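Have the structure open while you read.

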Amino acid sequence: MHWPIDLIVLTFVIFCAIAAISVKDLLGTAILFGAYSFMMCLLWAVMGAVDVAFTEASVGAGVSTVFFVAAVFRTSRRTKD
Amino acid sequence: MRVLAFIIVCLTGALLLYGTGEFPDWGDPQSPASVHLSNVYIEKALEQTQVPNLVTAVLADYRGFDTMFETAVVFCAGLACFLLLRDFREKKERYYRHTPTGVILHVKDSKKIIKVGKEFAHMDKNWVPSDLIIKSVCRILIPFIQIYALYVVAHGDFSPGGGFQGGVIFGSSLILLAISYDLKTLVRRIKEKVLGIWAAVGVLIYVGIAAICMPMGGNFLDYSVLAPLVWDPHHVRALGMLGVEIGVGIAVTAVMAIIYINIVSEGRHEEGL
């Protein structure tokens, strides 16, 4: 009985992806990318790929979010388009 | 232009979705990967490598070349960040805080350098140091994160994890130090040169272990010929994997710190997030 969790998490992934490209605030986008990665991590874990989930959690949700925030800190917080 | 871009994105997305329809079902026993490859790994991996975690066995042994060049790619990412962003010019203006009174000094003369110690502390222009609670919590948390990272590297043969994940966790503990205190604290503790050397040493450990196999009479990355060198010849392939995982961990740790420091300080290594 894992398919409902699967679908719920997948819905969140799509919401996070759409929100990340439509939000004007780049800091918000960075955080949304973190949430997206975390949802993907849950999805991998549900599918049984624990190693991939671990990588996604540490690299995707952890370090790359910090890199995005660092880049936003040094550039601008608003998008041009 | 925007409409054109939107149409292209939609077309590409539709094409990808169309392609996905041809994929085998999730867990389909008749898919090509399950018919030929997976069976061999599942049946033979434990017997051949003595590593219970099949993912590690595939990544570090059967497909060791792949992982070796992935490590090289990570090293190149750090190198690219360094070459693009590093800025060796000295900053002209400096800010200092007189610790007992809290008065902030703005020194515009680059030759006038105030000695930092008990009385004066460095201060970033647009970064207010975090408060005592954050500092204390992170100070307690960081050693545990680092021990966990070492555990992930060392236990990669038996449980999920390995060099990449452990290295990233160790690197994020260093980043946490820079965020909770300031960038200078991190740069003072781990010199830039040390980070650069570590990144190269990590890759060299991997390539070295792989290359030692050749004079011992085997192929590149064939750990089984290393049996006379290790204390436990029965587990020689597991130990070879542990060795390369340690190399990967060292390289990834150093590269994460290099990327963070260079991005956040615009290559100046002085002040940052």
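Let's start with one pair: B:H98 sits opposite B:V103 in β2(B). Next along, B:R97 faces B:I104 of β2(B), and B:Y96 has B:L105 of β2(B) across from it. These pairs belong to β1 (residues 94-98) and β2 of chain B, which pair antiparallel over five bridges. (Strands pair if DSSP finds at least two bridges between them; strands are DSSP runs of E with at least two residues, helices are runs of H or I with at least four, and both are numbered from the N terminus.) The hairpin of β1(B) and β2(B) has four residues between the strands, and B:G102 there takes a positive phi near 85 degrees.

On to the other partner: β1(B) and β3(B) run antiparallel and are joined by four bridges. In that pairing B:Y95 stands opposite B:M123 of β3(B). Put together, you get an open sheet of three strands in chain B, ordered β2-β1-β3 with antiparallel pairing. Its edge strands are β2 (103-107) and β3 (120-123), each pairing on one side only. Neighbouring strands are turned by 30 degrees against each other on average, direction ignored.

## About the model

This is a predicted model, where local features need pLDDT of at least 70 and side-chain atom pairs count only at pLDDT 80 or more, while totals for chains, interfaces and linings use all residues. Residues are numbered from 1 along each chain as its sequence is written, and chains are lettered from A and ligands numbered from 1 in the order in which they are written.

## Chain A in outline

Chain A has three helices and zero strands, so to speak a plain α-α-α pattern along the sequence. Its C-alpha atoms fill a box of roughly 45 × 20 × 10 Å along the principal axes. Of the 81 residues in chain A, 27% are buried. Among its contacts with a separation of 6 or more, 52% are between residues 24 or more positions apart; a contact here means C-beta atoms, placed from the backbone, within 7 Å.

A:L10 and A:I31 are 21 residues apart in sequence, and their C-alpha atoms are 18 Å apart in space.

## Helix packing inside chain A

Helix α2 (residues 26-47) and α3 of chain A have axes that come within 8 Å and cross at roughly 175 degrees. Axes here are lines fitted to C-alpha atoms, for helices over the stretch in contact, with angles from 0 to 180 degrees between N-to-C directions. α2(A) and α3(A) are therefore roughly antiparallel; that label covers angles over 145 degrees, with under 35 for roughly parallel, 65 to 115 for roughly perpendicular and the rest oblique.

The contact involves, among others, A:F33, A:F38 and A:W44 of α2(A) and A:F68, A:V69 and A:V72 of α3(A). By class, its residues divide into 17 nonpolar, four polar and one charged. (Nonpolar covers Ala, Val, Leu, Ile, Met, Phe, Trp, Tyr, Cys and Pro, charged covers Asp, Glu, Lys and Arg, and the others, Gly among them, are polar.)

## Where the chains meet

Between the chains, 14 residues of chain A are in contact with 17 of chain B. On the chain A side, that gives nine nonpolar, three polar and two charged residues.

Helix α3 (residues 50-74) of chain A packs against helix α6 (residues 163-180) of chain B at about 30 degrees, with the axes 10 Å apart. That makes α3(A) roughly parallel to α6(B). Contact residues include A:F54, A:V59 and A:G62 of α3(A), and B:F164, B:V168 and B:G171 of α6(B). They come from a set of eight nonpolar, six polar and no charged residues.

Conventions. Two residues are in contact if their C-beta atoms, placed from the backbone, lie within 7 Å. A residue is buried if 20 or more other C-beta atoms lie within 10 Å of its own, exposed if 12 or fewer, and partly exposed in between; C-beta atoms are placed from the backbone.
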